[in-house]
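Trainee: I have the file open and I'm new to this one. Can we walk through it?
Mentor: Fine. Ask away.

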2 protein chains.
Amino acid sequence: MKSLDRFIRALRRLPGVGPRQAERFAAYFLRTSQGETEEFISALTALKQGIKLCRVCFCYSEADVCPICSDDDRDHSQICVVEDPQDIEAIEKTGAYKGLYHVLHGAISPLDGRGAEQVKVRELLARIQQASPAVREVILATDPDSEGETTALYLADLLRGQVEQITRIGYGVPLGGDIDYVDEMTLGYSLKGRTKL
Amino acid sequence: MKSLDRFIRALRRLPGVGPRQAERFAAYFLRTSQGETEEFISALTALKQGIKLCRVCFCYSEADVCPICSDDDRDHSQICVVEDPQDIEAIEKTGAYKGLYHVLHGAISPLDGRGAEQVKVRELLARIQQASPAVREVILATDPDSEGETTALYLADLLRGQVEQITRIGYGVPLGGDIDYVDEMTLGYSLKGRTKL
C-alpha cells in the first residue's frame, strides 16, 4: 500500500526508529480514532509554530528571549555551553547550576566536515563581547566524546582572554557518553567538580 | 513550554514510547526543516484518508476489497483468522499459505471485558455462511497467549458444523509470544503442521 509505505518512510527518519517500530507506529495511527490523529497533527503543528530559538542562548523558547535568559535571579556572569537544547534540561534537573546557557546546536567535527561556522560559536563570542555586566566564567559542557572534546578545546583557545575563567565539566561524566543520558547525581557532581582549562 | 508538553503527551500514546524517546522525537521535529515536518503530516493524513478496512476480511486496504480477497488465484476455500492486520504480512512472508484471511481486530478477553461482539466474529460467521464456493477450512492463527487461545476455542465451538475443518496453527510458535514477532521459518512450519481442533 503506497500510503503506508510513504508514512513508514517518514517515520524511519525519527531518531532510532527501525522498520519494526515504524510498522507499529503506523498500525497505531491506522487503529486510532480520527480525533486522536488530528490532535497529534495539531500538537505537532503548534510545536513547529510556537517554538523558536531564544535569540540570546539559542535554546528552544516560546518567547523571543527564553525564561532562563530573562531571569534576573540567575547569575548572568556564568555561561554554560552545551551542544543540544535537551542538555539544558538535564543540567537544570541537577539544581547545581544557576547561571545562563549557550546552545551550540552540535559540535565541531572536522571528520564530518563540520567546522566552527556550522555551530553557534560566532554568536557565543559576540554575546560575550557585548555582555554587560561582563561574563566571568564560561563552563564548557559539551559531550565527553571526541567531537565534544575538540569543541571544548577550540572554545577554550578562542575565549582565552575574553573571560576570567574557562572551565570544563569533567568529574563523573563517563567517557564516550551522552550528557543528557547521565543521572542527575553524577551530572551535579561533575558540575561542582569542574576543572579549569 | 506548553506546546512541547502537549506534543510529548501525543507522542507518549504511540505504542512503547517512553518519556525519553518522546523527548528525542520532539527534538527531531524541532530540529528538522519545515518541509520535512510537512511531509510527515501529509503522509500521515494520506494514510488516514487512503487506507480503510477491506469489507470482506477487514485487513487494511486502499480499495473496497483488498488485493488478497480479490485474487482469484488464491484458495477461497481457506480462511486464516488472525488478530491484527500486521499478522497477515508476517504469514504472507512465509509463502506457506495461499488462502484468504479474516482479521478479528483483537482477541476475546473476558478479563478485560472484551467479548465476541467487540471483535469481528459475527462478520466471520456471516462471511462463512454466505460464501460461495463454500469455505472448507478455517485456520485459527490467533496469538498463542491466553486471549488468543480463548478466542480460538470460542471460534472452534462456534464454527463447528459450518466448515469441514477447523485447524489451529501450533507447532513452532513459542507460547506467550506474539505472532508477528516470530521468524518466517518457525511461522511457516507452524502453518504446515497445523492441528485439527
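Trainee: Which residues of H5(A) are exposed on the other side of the helix?
Mentor: Arg122(A), Gln129(A) and Gln130(A) are exposed there. Exposed means over 50% relative accessible area, buried under 20%, and partly exposed in between (1.4 Å probe, protein chains only). Helices (H or I, at least four residues) and strands (E, at least two) are DSSP runs, numbered from the N terminus.

Trainee: What kind of model is this, and how are things numbered?
Mentor: It is a predicted model, in which local features need pLDDT of at least 70 and side-chain atom pairs count only at pLDDT 80 or more, while totals for chains, interfaces and linings use all residues. Residues are numbered from 1 along each chain as its sequence is written, chains are lettered from A and ligands numbered from 1 in the order in which they are written, and side-chain values use heavy atoms, leaving out hydrogens and water.

Trainee: Back to H5(A). Which residues are buried?
Mentor: Val121(A), Leu124(A), Leu125(A), Arg127(A) and Ile128(A). Down the axis of H5(A) they fall within an arc of 165° (taken from the directions from the helix axis to the C-beta atoms), so they line one face of the helix.

Trainee: What do they pack against?
Mentor: Strands E3 (75-82), E4 (99-103) and E5 (137-140) and helix H6 (146-159) of chain A. Contact means heavy atoms within 4.5 Å.

Trainee: New topic. How many residues does each chain put into the contact between chain B and chain A?
Mentor: Chain B gives 47 residues and chain A gives 47 residues.

Trainee: How many salt bridges cross it?
Mentor: The rule finds 4, a salt bridge being a side-chain nitrogen of Lys or Arg within 4 Å of a carboxyl oxygen of Asp or Glu. Arg6(A) and Glu39(B) form a salt bridge at 3.0 Å, N to O.

Trainee: Which element of chain B gives the most to that side?
Mentor: H3(B), with 13 residues.

Trainee: Now the backbone. Which peptide bond in chain A is cis?
Mentor: The one from Ser132(A) to Pro133(A), with omega near 0°. Pro133(A) sits in the loop between H5 and E5 of chain A. In chain B, Ser132(B) and Pro133(B) are also joined by a cis peptide bond.

Trainee: And what about phi at Phe58(A)?
Mentor: Phi is positive there, about 70°, although Phe58(A) is not a glycine. Most residues other than glycine have a negative phi.

Trainee: Is Phe58(A) buried or exposed?
Mentor: Buried, at a relative accessible area of 14%. Phe58(A) is in the loop between strand E1 (52-53) and strand E2 (60-61) of chain A.
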